[in-house]
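Here is a short note for a colleague who is opening this structure for the first time. Please read it with the model in view.

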Amino acid sequence: MLEIKNLRVRLRVEGEPRTVIHDTSFTIGAGEAFGLIGESGSGKSMTARAVARLLPEGAECTGEIAFAGKPVLALKPDELRRYRVDDVAMIFQDPRASINPVRTVGDFLTEAARTNFGMRRREAEDKAVALLAEVGIADGGRRLKQHPHQLSGGLLQRVMIASALMGDPKLLLADEPTTALDVTTQSEVMGILNRLRAEHGVAMLFITHDLELAGAVCDRIGVMYAGSIVETLSSDALHEAARHPYTQGLLTSRPSLTATTRRLPVIPGKPLSAFEAPGGCAFAPRCAHVIAQCRESGPEFVDGVRCHRVGELS
Amino acid sequence: MSELGKFLIRKLFGLVATLLAASFVVFGATALAPGDPIAVLTGGRSVDPETIASLRAHYHLDDPFLSRYWQWLTGILHGDLGQSIIARRDVSDLLASRTETTVLLVVYAAVLILAAGITLGIVAALRKGAVDNVIMLGTTAGMAIPSFLTAIVLIVVFATGLGWFPVFGPGDGFTDRLWHLTLPAIALAVSSTALVARLTRAAIREELGKEHVETAISRGIPRRLVVRRHVLRNAMVPITTVSGLTVAGLVVGSLVVERAFSLNGIGAFLIDSVTKSDYPVVQAIVLLLVATFVVLNTLVDVLYRLIDSRIEPGGRG
């Protein structure tokens, strides 16, 4: 349903063009959950934004994004609006900042349905209350009259999830939907999102830096490093069959409940953004298996992994 | 009682308390100011001590400060602003016709400021590029030019030069008055319009960059509705603040313009009365200006609360 091919995004930072996504390709099938994981600055949020065409002003996008055959990057303003109305809905990281503070929760939930589908207020409110019940907010009728500042972050993110589902989208773009929440509500909200997505049969692009969470929630996972996907694999294969040294490094640098270690193994060095990456493989400076070839040429993305030494290592 | 009801009562209480404090400061300041009204009254002629004594007694000039303040205050609460020492008439009579001119001038200028300032600000904020640059350049110039200079230029060009507008005087009847007050109102409005335009632009630009605006866009809301419902509506809080303060400030600013256009308004009367040490008049006018300012500010606070329910009675954001 969603096909991304050789996506490349350049942003203008103080007039300088900077590559933030460098050659990224992946697909998401109807009803499938795809997790995009990576460190800060790896370009995962920008990928989600590119899919919704919500990149900052002055961004240059090349490559292909096709949604059910529609060329997303070439949509005219009116087609783009329809695409946002009918096909994709974004769930943002920080619900408090992403919901208009001066309007009521009811306004927020029903605005799109009333504006885009010409729904009557009553009708839209009924639908909103039903969706609020689905996200675990029982007193929806009362909540509709409240303002965002009267709700907790966890509740607001549930409102955000409900609002994303108001338009019956085919693809949810969830950009770190639990990062801004309290640890205790994170798993609750994640559970709700996961359940509703499955119940409504909506596909999802799930952005996170939590490898374990992505493995639990998604069907497939893409691992991003410095603006490109270095490996895609199915969640089931995450622990046994990770092939790229970066994915393996991420897996071993997690604390474990069962094993006792004096120090947590870490990947040496610091994560890079695409524009800081050296020639050759972007991960080469931090890779334990680096050889001369890695510094000279960037490996191609072949058979789900981007590594020169994949044959020897896995 | 509802949150809003409590809020209004608190605001009303604050308003009365502020006015009371202001009245004390105004009375105290005029009492401390140098200058002797008796000297002005007698015109420097030598007058026998008995007459002076009777004059001082008549105007209660030798009573203790607090008792004079109390008399003045209770008088005002009964609608008696006292008597002018120079004109020997009730201050309220003297102010009546002059107040009308000033109020009309200020309201006229306020309408111009709000209409032109907010419109220019919105246009500049939404149209990046040439339109924005031209408006910014214009407002920079507008803010830099003092109102007396604008007044002179307007008189030279539109009154004496082109002859479209009268040179001075307040006019008779409503339309004639508006015609007479057009140039003064423009002179009074120019720099404030520029200020309101710039701040409106800044407020809208800031709101345009907010994440919740992006959410609305991502839900496929048409741009013009995003601007109206999410940008303009939210930017109203800072715009209301600036507009309220600016309009309140006009009451004081009108004094210069009234002079330039020989309008017999409150401002001109205040300057005149200060030079003649006519305390009752000065006190009444200053208190009137302060009261207008405070009342307008309270109105702005109430408007805030209606625009953004997060604003709480204690003034916490």
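**Notes on the model**

1. Start with B:Val256. It is found in helix 10 (residues 223–260) of chain B. Helices here are DSSP runs of H or I with at least four residues, strands are runs of E with at least two, and both are numbered from the N terminus. B:Val256 counts as partly exposed, at 34% relative accessibility. The cut-offs are these: buried is under 20% relative accessible area, exposed is over 50%, and partly exposed lies in between (1.4 Å probe, protein chains only).

2. A word on the basis. This is a predicted model, in which local features need pLDDT of at least 70 and side-chain atom pairs count only at pLDDT 80 or more, while totals for chains, interfaces and linings use all residues. Residues are numbered from 1 along each chain as its sequence is written, chains are lettered from A and ligands numbered from 1 in the order in which they are written, and side-chain values use heavy atoms, without hydrogens and water.

3. B:Val256 belongs to a nonpolar patch on the surface, together with B:Ile145, B:Phe148, B:Leu149, B:Ile152, B:Val153, B:Val156, B:Val157, B:Leu162 and B:Trp164. The patch has about 860 Å² of accessible area (Shrake-Rupley method, 1.4 Å probe; for residues, only the protein chains shown count as cover). Patch residues have over 30% relative accessible area and no salt bridge; nonpolar side chains (Val, Leu, Ile, Met, Phe, Trp, Tyr) are joined within 5 Å, like charges within 9 Å. Which helix gives the largest share? Helix 7 (residues 147–161) of chain B does, with six residues.

4. Turn to chain A. An open sheet of four strands runs in the order 2-1-4-5, with antiparallel pairing. Its edge strands are strand 2 (16–28) and strand 5 (70–71) of chain A, each pairing on one side only. Two strands pair if DSSP finds at least two bridges between them. Strand 4 (residues 60–67) and strand 5 of chain A have two bridges. A:Lys70 in strand 5 is the bridge partner of A:Phe67.

5. Helix 1 (residues 44–51) of chain A packs on this sheet. The helix touches strand 1 (2–13), strand 2 and strand 4 of chain A (contact: heavy atoms within 4.5 Å). Its direction makes about 110° with that of strand 1; axes are lines fitted to C-alpha atoms, for helices over the stretch in contact, and angles run from 0 to 180 degrees between N-to-C directions. Seven of the eight residues of helix 1 are buried, including A:Met46 and A:Val51. After the helix comes A:Arg53, with a positive phi near 55°.

6. Now the charges. The whole structure holds 28 salt bridges over all chains (a side-chain nitrogen of Lys or Arg within 4 Å of a carboxyl oxygen of Asp or Glu). A:Glu60 and A:Arg10 form one, at 3.4 Å. This pair links strand 4 and strand 1 of chain A, 50 residues apart. A:Glu60 is partly exposed at 33%.

7. A:Lys70 also meets A:Asp87 in a salt bridge, 2.5 Å from N to O. A:Asp87 lies in the loop between helix 2 (77–86) and strand 6 (88–91) of chain A, so the pair ties together parts 17 residues apart in sequence. Buried or partly exposed: which is A:Lys70? A:Lys70 is partly exposed at 32%, whereas A:Asp87 is buried at 4%.
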